[in-house]
Amino acid sequence: MSLTNNAVSDRSDAGSDGNRASDALEAFWARAAISKLEARFALAREMETLPHLPIAQLRAIVFQYRYFTQAFITDLALLVSRCPEGRLRSLLGQLVDEELGEGDPEQAHARLYDRFLESIGAIEPGASPHDLRGSVHPKVRELLADLRDRTINFSPLYAIGMRGLGGECVCGVYFSVMHTHLRRHPFIVENGATIDWKFWDIHAGHADAEHNHLVREAVAELLRERQQADAVDELARGYDFGTSMWDAFWSTLYHHHGARTS
Ligand SMILES: [Fe+2]
């Protein structure tokens with residue numbers, strides 16, 4: 001075969017690889033559509049049960065979220081260190097800055113969540129992260145350790161799928177569905193005026209939806225540059241693991257607190 005033919009054949013191989021990659025990416029986005037996540041979470045029996053739980057159970061369940069919030073910030077920072085240079089890396093860096101309160105620890109999202117917990121009586125006012133360190137449910141600790149391990153040791157694309165898409169994006173959808181159900185709980189309705197809603201205003205509102213969109217665009221750009229179908233597979237594997245963690249989290253807490261979901 002002549003050099004010219006080789007070059008033509010290489011170009012057409014690259015072209016079909018590119019087509020396969022963009023088909024794989026499109027199929028992935030269709031599977032990971034926000035509307036599908038919303039429908040899945042909204043139908044979850046655990047979500048429907050939320051407004052009917054005794055207040056002590058509700059407090060105990062939402063309390064465990066604080067550990068997810070804290071672990072997420074560190075994992076996101078680790079993801080920045082592993083992400084290829086480009087738009088996604090800078091965007092993740094900005095998200096870390098926002099999570100940390102952009103220089104004001106009182107505005108850090110983990111702190112805002114603790115203020116919400118204080119305002120519903122789930123933690124003592126002024127309890128420090130150090131005081132609360134030992135109250136993490138062992139299974140939650142295990143789930144978070146697994147996420148941390150994979151963020152550090154699995155491929156960067158897997159970690160991006162898991163903590164970028166399956167963490168940041170899924171979290172936003174999850175929180176907005178959870179917020180809707182939480183607001184129907186009689187204790188929450190009765191005490192709505194004294195509850196610190198700032199965490200929820202950020203996470204169940206427009207800002208998170210905007211983040212979601214930006215992260216997805218930046219990930220799509222990264223994959224377009226790669227043009228490899230197996231890159232999409234790797235991202236999808238991470239995404240599926242990240243979303244499965246939410247289900248594992250719920251079932252753990254519901255079993256532990258004895259809530260009936262049927
Ligand atoms: Fe946040």
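What percentage of the 262 residues in the chain is buried? Buried residues make up 31% of the chain, where a residue is buried if 20 or more other C-beta atoms lie within 10 Å of its own, exposed if 12 or fewer, and partly exposed in between, with C-beta atoms placed from the backbone. The model is predicted, with local features needing pLDDT of at least 70 and side-chain atom pairs counting only at pLDDT 80 or more, while totals for chains, interfaces and linings use all residues. Residue numbers start from 1 along each chain as its sequence is written.

Confidence comes next. The pLDDT, the predictor's confidence in each residue from 0 to 100, averages 84 over the chain, and 84% of the residues score at least 70.

Among contacts between residues at least 6 apart in sequence, 83% join residues at least 24 apart.

In soluble globular proteins, nonpolar side chains tend to be buried together. A nonpolar core is a set of buried Ala, Val, Leu, Ile, Met, Phe, Trp, Tyr and Cys residues joined through C-beta atoms within 7 Å. The largest one here has 58 residues, of which Ile160, Val219 and Leu235 touch the most other members. Helices supplying at least two residues each include α1 (3–31), α9 (156–182) and α13 (229–256), and the largest share, 12 residues, comes from α9. Not counting residues up to four places away in sequence, Leu235 touches Phe28, Leu157, Ile160, Gly161 and Leu223.

The axes of α4 and α6 come within 9 Å and cross at roughly 175°; axes are lines fitted to C-alpha atoms, for helices over the stretch in contact, with angles from 0 to 180 degrees between N-to-C directions. Among the residues making the contact are Phe63 and Ile73 of α4 and Tyr113 and Leu117 of α6.

Methods: Helices (H or I, at least four residues) and strands (E, at least two) are DSSP runs, numbered from the N terminus. Two residues are in contact if their C-beta atoms, placed from the backbone, lie within 7 Å.
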